Amino acid sequence: MKRLTVSVALFCASPGLALAEHMSASGYSMSTHWVGYLGLTVFAIALIAVTLEEFIELRKSKPMLFAAGIIWGLIGWYSNQNTGGHHAEQALRHSLLQYSELMLFILVVMTYINALAERRVFLALRSWVANRRYSYKHLFWTIGLTTFFLSPFLDNLSTALLMGAVVLNLERDNHKFVTLNCINVVMASNAGGAFSPFGDITTLMVWQQDILSANGRVDFFSFFNLFLPSLVSYLIPAAIMHFALPEGHLSSSQERIVMRRGAKRIVALFVLTIATAVVFQGQLFLPAAIGMMTGLSYLQFFGYFLKKTHIPSQEKITTTESPDFAVVVESRQPFDVFLRVARSEWDTLLFLCGVILCVSGLGYLGYLTLASELLYIQWGATAANISIGVASSVLENIPTMTMVLNMRPDMSLGQWLLVTLTAGIGGSLLSIGSAAGVALMGQAQGRYTFFSHLRWTPVIALGFIVSILLHLWLNASLF
(Lines give C-alpha, C1' and ligand atoms only; values in the text may rest on other atoms or scores of the structure.)
Protein backbone atom coordinates (compact mmCIF):
# COMPACT_ATOMS: atom_id res chain seq x y z
CA MET A 1 0.00 0.00 0.00
CA LYS A 2 2.40 2.17 -0.58
CA ARG A 3 4.91 3.49 -2.11
CA LEU A 4 7.14 6.42 -2.89
CA THR A 5 7.17 5.86 -6.47
CA VAL A 6 11.40 5.70 -7.33
CA SER A 7 14.62 3.95 -7.98
CA VAL A 8 15.16 1.90 -4.85
CA ALA A 9 16.62 -1.59 -4.97
CA LEU A 10 14.30 -3.01 -2.37
CA PHE A 11 13.65 -6.67 -2.06
CA CYS A 12 16.09 -7.31 -4.92
CA ALA A 13 19.21 -8.88 -3.48
CA SER A 14 19.63 -12.63 -3.90
CA PRO A 15 20.03 -13.14 -0.14
CA GLY A 16 16.53 -11.77 0.20
CA LEU A 17 15.17 -14.46 -2.09
CA ALA A 18 17.00 -17.14 -0.23
CA LEU A 19 15.58 -15.88 3.03
CA ALA A 20 12.09 -15.78 1.56
CA GLU A 21 12.37 -19.41 0.51
CA HIS A 22 13.49 -20.30 4.01
CA MET A 23 10.61 -18.32 5.50
CA SER A 24 8.06 -20.23 3.50
CA ALA A 25 9.56 -23.54 4.43
CA SER A 26 9.80 -22.74 8.12
CA GLY A 27 6.40 -21.15 8.42
CA TYR A 28 4.31 -23.33 6.12
CA SER A 29 2.64 -25.33 8.90
CA MET A 30 1.53 -22.09 10.53
CA SER A 31 -0.86 -21.33 7.67
CA THR A 32 -3.26 -23.97 8.98
CA HIS A 33 -2.60 -23.22 12.65
CA TRP A 34 -4.82 -20.90 14.68
CA VAL A 35 -1.89 -18.47 14.79
CA GLY A 36 -1.99 -18.16 11.00
CA TYR A 37 -5.76 -17.72 10.88
CA LEU A 38 -5.64 -15.08 13.60
CA GLY A 39 -2.83 -13.20 11.85
CA LEU A 40 -4.78 -13.21 8.58
CA THR A 41 -7.90 -11.97 10.37
CA VAL A 42 -6.03 -9.15 12.10
CA PHE A 43 -4.60 -8.01 8.75
CA ALA A 44 -8.06 -8.05 7.13
CA ILE A 45 -9.51 -5.96 9.97
CA ALA A 46 -6.64 -3.47 9.61
CA LEU A 47 -7.32 -3.15 5.87
CA ILE A 48 -10.98 -2.47 6.56
CA ALA A 49 -10.03 0.24 9.07
CA VAL A 50 -7.76 1.83 6.46
CA THR A 51 -10.53 1.92 3.85
CA LEU A 52 -12.89 3.56 6.37
CA GLU A 53 -10.37 6.24 7.37
CA GLU A 54 -12.43 9.15 6.07
CA PHE A 55 -15.49 8.00 8.06
CA ILE A 56 -14.00 6.89 11.36
CA GLU A 57 -11.27 9.59 11.26
CA LEU A 58 -8.59 7.14 12.38
CA ARG A 59 -5.21 7.71 10.71
CA LYS A 60 -4.32 4.74 8.52
CA SER A 61 -0.95 4.13 10.16
CA LYS A 62 -2.50 3.24 13.51
CA PRO A 63 -4.39 0.03 12.62
CA MET A 64 -1.65 -1.13 10.25
CA LEU A 65 1.17 -0.74 12.79
CA PHE A 66 -0.98 -2.43 15.43
CA ALA A 67 -1.70 -5.33 13.04
CA ALA A 68 2.02 -5.68 12.25
CA GLY A 69 2.82 -5.90 15.94
CA ILE A 70 0.13 -8.52 16.57
CA ILE A 71 1.12 -10.66 13.57
CA TRP A 72 4.82 -10.70 14.43
CA GLY A 73 4.02 -11.16 18.11
CA LEU A 74 2.06 -14.29 17.23
CA ILE A 75 4.89 -15.50 15.01
CA GLY A 76 7.42 -14.87 17.77
CA TRP A 77 5.34 -16.76 20.31
CA TYR A 78 4.86 -19.73 17.99
CA SER A 79 8.53 -19.78 16.97
CA ASN A 80 9.72 -19.68 20.57
CA GLN A 81 7.51 -22.64 21.32
CA ASN A 82 8.76 -24.69 18.36
CA THR A 83 12.04 -23.44 16.83
CA GLY A 84 13.61 -21.13 19.40
CA GLY A 85 12.62 -17.92 17.59
CA HIS A 86 15.87 -17.23 15.68
CA HIS A 87 14.32 -17.84 12.25
CA ALA A 88 11.54 -15.36 12.94
CA GLU A 89 14.05 -12.81 14.20
CA GLN A 90 16.07 -13.01 10.99
CA ALA A 91 12.96 -12.65 8.84
CA LEU A 92 11.76 -9.61 10.78
CA ARG A 93 15.15 -7.91 10.59
CA HIS A 94 15.13 -8.44 6.82
CA SER A 95 11.70 -6.78 6.55
CA LEU A 96 12.85 -3.85 8.66
CA LEU A 97 15.81 -3.37 6.32
CA GLN A 98 13.47 -3.32 3.33
CA TYR A 99 11.30 -0.69 4.98
CA SER A 100 14.20 1.49 6.06
CA GLU A 101 15.43 1.83 2.47
CA LEU A 102 11.99 2.82 1.20
CA MET A 103 11.39 5.20 4.11
CA LEU A 104 14.68 7.04 3.57
CA PHE A 105 13.90 7.43 -0.12
CA ILE A 106 10.43 8.85 0.50
CA LEU A 107 11.65 11.05 3.34
CA VAL A 108 14.18 12.79 1.09
CA VAL A 109 11.54 13.36 -1.62
CA MET A 110 9.11 14.83 0.91
CA THR A 111 11.81 17.05 2.35
CA TYR A 112 12.64 18.51 -1.06
CA ILE A 113 8.96 19.11 -1.82
CA ASN A 114 8.52 20.87 1.51
CA ALA A 115 11.62 22.95 0.78
CA LEU A 116 10.18 23.96 -2.60
CA ALA A 117 6.94 24.94 -0.89
CA GLU A 118 8.82 27.03 1.67
CA ARG A 119 10.65 28.82 -1.14
CA ARG A 120 7.19 29.57 -2.63
CA VAL A 121 7.81 27.63 -5.86
CA PHE A 122 4.29 26.20 -5.98
CA LEU A 123 2.65 29.51 -5.14
CA ALA A 124 4.59 31.13 -7.98
CA LEU A 125 3.56 28.33 -10.34
CA ARG A 126 -0.05 28.70 -9.31
CA SER A 127 0.07 32.45 -9.96
CA TRP A 128 1.69 31.91 -13.36
CA VAL A 129 -0.90 29.33 -14.45
CA ALA A 130 -3.89 31.24 -13.04
CA ASN A 131 -3.05 34.42 -14.91
CA ARG A 132 -3.09 32.49 -18.18
CA ARG A 133 -6.70 31.48 -17.60
CA TYR A 134 -6.26 27.79 -18.37
CA SER A 135 -9.45 25.76 -18.21
CA TYR A 136 -9.84 22.91 -15.74
CA LYS A 137 -9.86 20.41 -18.60
CA HIS A 138 -6.70 21.88 -20.12
CA LEU A 139 -4.98 21.63 -16.73
CA PHE A 140 -6.21 18.06 -16.27
CA TRP A 141 -4.52 16.85 -19.45
CA THR A 142 -1.41 18.95 -18.93
CA ILE A 143 -0.94 17.56 -15.42
CA GLY A 144 -1.69 13.98 -16.49
CA LEU A 145 0.56 13.83 -19.53
CA THR A 146 3.37 15.65 -17.75
CA THR A 147 3.12 13.11 -14.93
CA PHE A 148 3.10 10.18 -17.38
CA PHE A 149 6.28 11.28 -19.14
CA LEU A 150 8.09 12.40 -15.99
CA SER A 151 7.42 9.18 -14.11
CA PRO A 152 9.81 6.96 -16.15
CA PHE A 153 12.68 9.26 -15.21
CA LEU A 154 11.86 10.60 -11.74
CA ASP A 155 10.00 7.38 -10.73
CA ASN A 156 6.29 7.21 -10.02
CA LEU A 157 6.43 8.07 -6.32
CA SER A 158 8.60 11.17 -6.68
CA THR A 159 6.54 12.34 -9.65
CA ALA A 160 3.23 11.78 -7.83
CA LEU A 161 4.37 13.75 -4.79
CA LEU A 162 5.68 16.59 -6.96
CA MET A 163 2.61 16.82 -9.20
CA GLY A 164 0.30 16.33 -6.23
CA ALA A 165 1.84 19.41 -4.64
CA VAL A 166 1.20 21.30 -7.88
CA VAL A 167 -2.47 20.23 -7.91
CA LEU A 168 -3.02 21.21 -4.27
CA ASN A 169 -1.50 24.62 -4.85
CA LEU A 170 -3.55 25.34 -7.97
CA GLU A 171 -7.07 25.05 -6.55
CA ARG A 172 -6.96 23.54 -3.09
CA ASP A 173 -10.51 24.44 -2.06
CA ASN A 174 -12.11 23.05 -5.23
CA HIS A 175 -12.60 19.48 -3.96
CA LYS A 176 -13.85 18.06 -7.26
CA PHE A 177 -10.88 19.46 -9.16
CA VAL A 178 -8.41 18.21 -6.53
CA THR A 179 -9.99 14.74 -6.30
CA LEU A 180 -10.09 14.12 -10.04
CA ASN A 181 -6.57 15.42 -10.55
CA CYS A 182 -5.16 13.34 -7.68
CA ILE A 183 -6.67 10.25 -9.30
CA ASN A 184 -5.27 11.52 -12.59
CA VAL A 185 -1.79 11.82 -11.08
CA VAL A 186 -1.94 8.34 -9.51
CA MET A 187 -3.03 6.73 -12.80
CA ALA A 188 -0.47 8.61 -14.88
CA SER A 189 2.45 8.05 -12.51
CA ASN A 190 1.79 4.31 -12.17
CA ALA A 191 1.25 3.89 -15.92
CA GLY A 192 4.34 5.92 -16.80
CA GLY A 193 6.42 3.99 -14.31
CA ALA A 194 5.40 0.60 -15.70
CA PHE A 195 7.43 0.77 -18.93
CA SER A 196 10.73 2.00 -17.49
CA PRO A 197 13.22 0.12 -15.28
CA PHE A 198 13.58 3.29 -13.19
CA GLY A 199 9.89 4.23 -13.25
CA ASP A 200 8.70 2.04 -10.40
CA ILE A 201 10.15 -0.10 -7.66
CA THR A 202 8.38 -3.12 -9.18
CA THR A 203 10.03 -2.66 -12.60
CA LEU A 204 13.36 -2.08 -10.88
CA MET A 205 12.92 -5.29 -8.92
CA VAL A 206 12.28 -7.34 -12.07
CA TRP A 207 15.19 -5.72 -13.91
CA GLN A 208 17.63 -6.18 -11.03
CA GLN A 209 16.75 -9.86 -10.73
CA ASP A 210 18.18 -10.25 -14.25
CA ILE A 211 15.62 -12.97 -14.93
CA LEU A 212 16.36 -15.39 -17.76
CA SER A 213 13.11 -16.46 -19.39
CA ALA A 214 12.41 -19.09 -22.01
CA ASN A 215 12.77 -16.64 -24.91
CA GLY A 216 14.96 -13.86 -23.66
CA ARG A 217 16.38 -11.95 -20.74
CA VAL A 218 14.38 -9.20 -19.07
CA ASP A 219 16.95 -6.55 -19.86
CA PHE A 220 16.75 -2.75 -19.78
CA PHE A 221 15.18 -2.30 -23.21
CA SER A 222 12.63 -5.12 -22.80
CA PHE A 223 10.47 -2.89 -20.63
CA PHE A 224 9.84 -0.44 -23.45
CA ASN A 225 7.62 -3.06 -25.09
CA LEU A 226 5.09 -1.93 -22.48
CA PHE A 227 4.97 1.72 -23.60
CA LEU A 228 1.77 1.55 -25.65
CA PRO A 229 -0.13 -0.72 -23.20
CA SER A 230 0.89 1.60 -20.35
CA LEU A 231 -0.19 4.69 -22.28
CA VAL A 232 -3.57 3.13 -23.13
CA SER A 233 -4.13 2.15 -19.50
CA TYR A 234 -3.97 5.85 -18.65
CA LEU A 235 -5.68 7.42 -21.67
CA ILE A 236 -8.91 5.38 -21.48
CA PRO A 237 -9.94 6.30 -17.91
CA ALA A 238 -8.57 9.83 -18.31
CA ALA A 239 -10.72 10.37 -21.42
CA ILE A 240 -13.83 9.29 -19.50
CA MET A 241 -12.94 11.41 -16.46
CA HIS A 242 -12.54 14.38 -18.80
CA PHE A 243 -16.33 14.73 -19.00
CA ALA A 244 -16.68 14.84 -15.21
CA LEU A 245 -14.39 17.83 -14.81
CA PRO A 246 -15.97 21.11 -13.76
CA GLU A 247 -16.47 23.74 -16.41
CA GLY A 248 -14.68 27.03 -16.28
CA HIS A 249 -11.17 28.25 -15.70
CA LEU A 250 -8.77 28.46 -12.84
CA SER A 251 -9.52 31.61 -10.87
CA SER A 252 -7.14 34.33 -11.98
CA SER A 253 -4.77 36.09 -9.65
CA GLN A 254 -3.46 39.59 -10.18
CA GLU A 255 -0.84 39.06 -7.51
CA ARG A 256 2.62 38.26 -8.82
CA ILE A 257 4.27 35.74 -6.54
CA VAL A 258 8.04 35.99 -6.30
CA MET A 259 9.95 32.89 -5.32
CA ARG A 260 12.33 33.18 -2.41
CA ARG A 261 16.06 33.24 -2.88
CA GLY A 262 17.54 29.87 -3.85
CA ALA A 263 14.29 28.34 -5.15
CA LYS A 264 15.61 27.51 -8.62
CA ARG A 265 18.80 26.10 -7.18
CA ILE A 266 16.78 23.77 -4.92
CA VAL A 267 14.89 22.54 -7.99
CA ALA A 268 18.25 21.79 -9.63
CA LEU A 269 19.47 20.02 -6.48
CA PHE A 270 16.31 17.88 -6.46
CA VAL A 271 16.97 16.75 -10.03
CA LEU A 272 20.62 16.12 -9.13
CA THR A 273 19.49 14.06 -6.13
CA ILE A 274 17.32 11.79 -8.29
CA ALA A 275 20.23 11.42 -10.73
CA THR A 276 22.54 10.51 -7.85
CA ALA A 277 20.12 7.81 -6.70
CA VAL A 278 19.94 6.37 -10.22
CA VAL A 279 23.74 6.28 -10.51
CA PHE A 280 24.11 4.58 -7.12
CA GLN A 281 21.56 1.96 -8.13
CA GLY A 282 22.34 1.44 -11.80
CA GLN A 283 26.10 1.96 -11.94
CA LEU A 284 27.45 1.32 -8.45
CA PHE A 285 24.96 -1.46 -7.58
CA LEU A 286 24.25 0.13 -4.20
CA PRO A 287 20.82 0.88 -2.69
CA ALA A 288 19.33 3.99 -4.23
CA ALA A 289 18.41 5.17 -0.74
CA ILE A 290 22.10 5.93 -0.16
CA GLY A 291 22.08 8.13 -3.24
CA MET A 292 18.98 9.90 -1.96
CA MET A 293 20.56 10.54 1.44
CA THR A 294 23.60 11.93 -0.37
CA GLY A 295 21.18 14.21 -2.20
CA LEU A 296 19.71 15.31 1.12
CA SER A 297 23.19 16.48 2.11
CA TYR A 298 23.17 18.71 -0.99
CA LEU A 299 20.11 20.46 0.43
CA GLN A 300 21.65 20.62 3.89
CA PHE A 301 24.80 22.33 2.60
CA PHE A 302 22.76 24.72 0.49
CA GLY A 303 20.52 25.43 3.48
CA TYR A 304 23.65 26.28 5.48
CA PHE A 305 24.66 28.71 2.72
CA LEU A 306 21.20 30.33 2.72
CA LYS A 307 21.29 30.69 6.49
CA LYS A 308 24.75 32.25 6.57
CA THR A 309 23.97 34.69 3.77
CA HIS A 310 20.46 35.50 4.96
CA ILE A 311 19.57 39.18 5.19
CA PRO A 312 16.53 39.72 7.41
CA SER A 313 13.72 41.56 5.68
CA GLN A 314 11.40 43.99 7.37
CA GLU A 315 8.53 42.82 5.15
CA LYS A 316 6.19 40.29 6.69
CA ILE A 317 4.60 37.80 4.31
CA THR A 318 1.00 37.43 5.39
CA THR A 319 0.26 34.48 3.12
CA THR A 320 1.22 30.99 4.16
CA GLU A 321 4.32 29.45 2.66
CA SER A 322 2.05 26.93 0.98
CA PRO A 323 -1.61 25.98 1.39
CA ASP A 324 -0.27 22.66 2.68
CA PHE A 325 0.85 24.35 5.91
CA ALA A 326 -1.24 26.46 8.26
CA VAL A 327 1.82 28.47 9.34
CA VAL A 328 2.57 32.10 8.57
CA VAL A 329 6.26 32.51 7.69
CA GLU A 330 8.04 35.81 7.86
CA SER A 331 10.65 36.59 5.26
CA ARG A 332 13.06 37.54 8.03
CA GLN A 333 13.29 33.85 9.03
CA PRO A 334 16.21 31.92 7.47
CA PHE A 335 15.84 28.58 5.72
CA ASP A 336 15.80 25.60 8.12
CA VAL A 337 16.25 22.20 6.46
CA PHE A 338 15.34 20.27 9.60
CA LEU A 339 11.98 22.01 9.75
CA ARG A 340 11.39 20.71 6.21
CA VAL A 341 12.17 17.17 7.42
CA ALA A 342 9.79 17.57 10.35
CA ARG A 343 6.94 18.53 8.01
CA SER A 344 7.11 15.24 6.10
CA GLU A 345 3.96 13.14 6.01
CA TRP A 346 4.81 10.77 8.85
CA ASP A 347 1.44 9.03 8.81
CA THR A 348 2.24 7.78 5.31
CA LEU A 349 5.73 6.65 6.29
CA LEU A 350 4.47 4.75 9.34
CA PHE A 351 1.65 3.23 7.28
CA LEU A 352 4.20 1.88 4.81
CA CYS A 353 6.09 0.35 7.72
CA GLY A 354 2.96 -1.42 8.90
CA VAL A 355 2.09 -2.72 5.43
CA ILE A 356 5.53 -4.13 4.71
CA LEU A 357 5.76 -5.82 8.11
CA CYS A 358 2.23 -7.25 7.81
CA VAL A 359 2.83 -8.70 4.35
CA SER A 360 6.21 -10.14 5.31
CA GLY A 361 4.57 -11.68 8.37
CA LEU A 362 1.90 -13.32 6.23
CA GLY A 363 4.69 -14.61 4.01
CA TYR A 364 6.42 -16.14 7.02
CA LEU A 365 3.15 -17.79 8.02
CA GLY A 366 3.24 -19.63 4.69
CA TYR A 367 0.49 -17.91 2.75
CA LEU A 368 2.81 -16.92 -0.12
CA THR A 369 3.66 -20.56 -0.67
CA LEU A 370 -0.02 -21.44 -0.81
CA ALA A 371 -0.66 -18.56 -3.22
CA SER A 372 2.17 -19.72 -5.49
CA GLU A 373 0.78 -23.23 -5.71
CA LEU A 374 -2.70 -21.96 -6.50
CA LEU A 375 -1.73 -19.28 -9.02
CA TYR A 376 1.13 -20.59 -11.13
CA ILE A 377 0.52 -24.33 -10.88
CA GLN A 378 -3.26 -24.57 -10.97
CA TRP A 379 -4.32 -21.41 -12.82
CA GLY A 380 -1.47 -20.94 -15.29
CA ALA A 381 0.82 -17.98 -15.89
CA THR A 382 -1.52 -15.61 -17.77
CA ALA A 383 -4.42 -15.91 -15.33
CA ALA A 384 -1.99 -15.76 -12.42
CA ASN A 385 -0.26 -12.61 -13.64
CA ILE A 386 -3.57 -10.82 -14.24
CA SER A 387 -4.68 -11.86 -10.75
CA ILE A 388 -1.42 -10.47 -9.37
CA GLY A 389 -2.35 -7.09 -10.84
CA VAL A 390 -5.76 -7.16 -9.17
CA ALA A 391 -4.19 -8.27 -5.88
CA SER A 392 -1.71 -5.40 -6.04
CA SER A 393 -4.61 -2.96 -5.65
CA VAL A 394 -5.13 -4.33 -2.14
CA LEU A 395 -1.73 -5.62 -1.07
CA GLU A 396 0.11 -2.77 -2.88
CA ASN A 397 2.30 -3.44 -5.88
CA ILE A 398 5.66 -3.60 -4.09
CA PRO A 399 4.83 -6.47 -1.70
CA THR A 400 2.88 -8.18 -4.49
CA MET A 401 5.84 -8.13 -6.87
CA THR A 402 8.06 -9.29 -4.03
CA MET A 403 5.75 -12.27 -3.65
CA VAL A 404 6.06 -13.13 -7.35
CA LEU A 405 9.86 -12.90 -7.32
CA ASN A 406 9.96 -15.04 -4.20
CA MET A 407 7.84 -17.66 -6.00
CA ARG A 408 10.34 -17.61 -8.90
CA PRO A 409 7.92 -19.01 -11.52
CA ASP A 410 9.35 -20.29 -14.81
CA MET A 411 7.81 -17.88 -17.36
CA SER A 412 8.46 -16.45 -20.81
CA LEU A 413 9.63 -12.88 -21.36
CA GLY A 414 6.11 -11.87 -22.34
CA GLN A 415 4.74 -13.23 -19.06
CA TRP A 416 7.34 -11.39 -17.00
CA LEU A 417 6.42 -8.18 -18.80
CA LEU A 418 2.74 -8.97 -18.24
CA VAL A 419 3.14 -9.26 -14.48
CA THR A 420 5.26 -6.10 -14.49
CA LEU A 421 2.48 -4.27 -16.33
CA THR A 422 -0.37 -5.57 -14.18
CA ALA A 423 1.43 -5.00 -10.88
CA GLY A 424 2.27 -1.45 -11.95
CA ILE A 425 -1.07 -0.26 -13.33
CA GLY A 426 -3.07 -2.57 -11.05
CA GLY A 427 -1.91 -0.39 -8.18
CA SER A 428 -4.15 2.35 -9.61
CA LEU A 429 -7.36 0.36 -9.12
CA LEU A 430 -7.50 1.48 -5.48
CA SER A 431 -5.87 4.42 -3.74
CA ILE A 432 -4.03 2.05 -1.40
CA GLY A 433 -2.62 0.01 -4.28
CA SER A 434 0.57 1.99 -4.79
CA ALA A 435 2.98 4.17 -2.87
CA ALA A 436 1.88 7.05 -5.10
CA GLY A 437 -1.75 6.70 -4.02
CA VAL A 438 -0.94 6.34 -0.34
CA ALA A 439 1.39 9.33 -0.42
CA LEU A 440 -1.19 11.52 -2.15
CA MET A 441 -3.88 10.56 0.38
CA GLY A 442 -1.59 11.85 3.10
CA GLN A 443 -0.67 14.94 1.11
CA ALA A 444 -4.27 15.86 0.20
CA GLN A 445 -5.52 15.48 3.79
CA GLY A 446 -9.12 14.41 3.14
CA ARG A 447 -9.56 15.88 -0.33
CA TYR A 448 -8.43 12.65 -1.99
CA THR A 449 -9.60 9.55 -0.13
CA PHE A 450 -10.09 5.83 -0.57
CA PHE A 451 -13.77 6.16 -1.45
CA SER A 452 -13.35 9.13 -3.76
CA HIS A 453 -10.92 6.96 -5.74
CA LEU A 454 -13.17 3.89 -5.49
CA ARG A 455 -15.92 5.66 -7.43
CA TRP A 456 -13.65 5.64 -10.49
CA THR A 457 -12.32 2.10 -10.07
CA PRO A 458 -14.60 0.63 -12.81
CA VAL A 459 -13.27 3.17 -15.31
CA ILE A 460 -9.68 2.48 -14.31
CA ALA A 461 -10.38 -1.26 -14.55
CA LEU A 462 -11.48 -0.76 -18.17
CA GLY A 463 -8.09 0.74 -19.02
CA PHE A 464 -6.44 -2.08 -17.07
CA ILE A 465 -8.22 -4.76 -19.15
CA VAL A 466 -7.63 -3.07 -22.52
CA SER A 467 -3.92 -2.57 -21.79
CA ILE A 468 -3.53 -6.28 -20.98
CA LEU A 469 -5.24 -7.28 -24.23
CA LEU A 470 -3.07 -4.84 -26.16
CA HIS A 471 0.09 -6.31 -24.60
CA LEU A 472 -1.01 -9.87 -25.42
CA TRP A 473 -1.57 -8.80 -29.04
CA LEU A 474 1.35 -6.45 -29.67
CA ASN A 475 3.96 -8.58 -27.89
CA ALA A 476 2.63 -12.03 -28.83
CA SER A 477 6.07 -13.05 -30.11
CA LEU A 478 7.48 -12.68 -26.59
CA PHE A 479 5.22 -15.37 -25.12
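Which residues does arginine 265 touch, not counting residues up to four places away in sequence? In this predicted model, the residues touched by arginine 265 under that condition are Phe302 and Phe305. Arginine 265 is found in helix α12, which spans residues 263-282. With a relative accessible area of 40%, arginine 265 is partly exposed. Leucine 116 is 149 residues away from arginine 265 along the chain, yet the C-alpha atoms of the two are separated by 10.0 Å.

Helix α15 covers residues 346-365, and its axis comes within 10 Å of the axis of helix α2 (residues 34-51), with a crossing angle of roughly 155°. Because angles over 145 degrees count as roughly antiparallel, α2 is roughly antiparallel to α15. The crossing of these two helices, α2 and α15, is left-handed. On the α2 side the contact is made by Val35, Gly36, Gly39, Leu40, Phe43 and Val50, and on the α15 side by Phe351, Cys358, Val359, Leu362 and Leu365. By class, the residues of this contact of α2 with α15 comprise 9 nonpolar and 2 polar, with no charged residues.

Helix α5 (residues 86-118) packs against α15 at an angle of about 155°, and the two axes are 9 Å apart. The pair α5 and α15 is therefore roughly antiparallel. The crossing of α5 and α15 is right-handed. In the contact of α5 with α15 there are 18 nonpolar and 5 polar residues, and none that is charged.

For helix α4 (residues 61-82), the axis comes within 8 Å of that of α15, and the two cross at roughly 30°. Since angles under 35 degrees count as roughly parallel, α4 runs roughly parallel to α15. The crossing of α4 and α15 is left-handed. The contact of α4 with α15 divides into 16 nonpolar residues, 5 polar residues and 1 charged residue.

The largest nonpolar core contains 134 residues. Those with the most contacts inside this core are Phe43, Met64, Ile75, Phe122, Tyr376, Val419 and Tyr448. Of these, Phe43 also takes part in the contact of α2 with α15. Helix α5 gives the most to the core, with 16 residues.

Valine 178 has its place in helix α9, which comprises residues 175-193. The relative accessible area of valine 178 is 0%, so this residue is buried. Leaving aside neighbours within four places in sequence, valine 178 is in contact with Val167, Leu168, Glu171, Arg172 and Arg447. Between valine 178 and phenylalanine 140 the C-alpha to C-alpha distance is 10.0 Å, at a separation of 38 residues in sequence.

Phenylalanine 149 lies in helix α7, made up of residues 136-154. At 43% relative accessibility, phenylalanine 149 counts as partly exposed.

Terms used: Residues numbered from 1 in each chain as written. Predicted model: local features only at pLDDT ≥ 70, side-chain atom pairs only at ≥ 80, totals over all residues. Heavy atoms only, no water. Axes fitted to C-alpha atoms, helices over the stretch in contact; angles between N-to-C directions. Helix = DSSP H or I, 4+ residues; strand = E, 2+ residues; numbered from the N terminus. Parallel < 35°, antiparallel > 145°, perpendicular 65-115°, else oblique. Left-handed = near helix turned anticlockwise from the far one by under 90°. Contact = heavy atoms within 4.5 Å. Nonpolar A, V, L, I, M, F, W, Y, C, P; charged D, E, K, R; others polar. Core = buried A, V, L, I, M, F, W, Y, C linked by side-chain atoms within 4.5 Å. Buried < 20%, exposed > 50% of the residue type's maximum accessible area, 1.4 Å probe, protein only.
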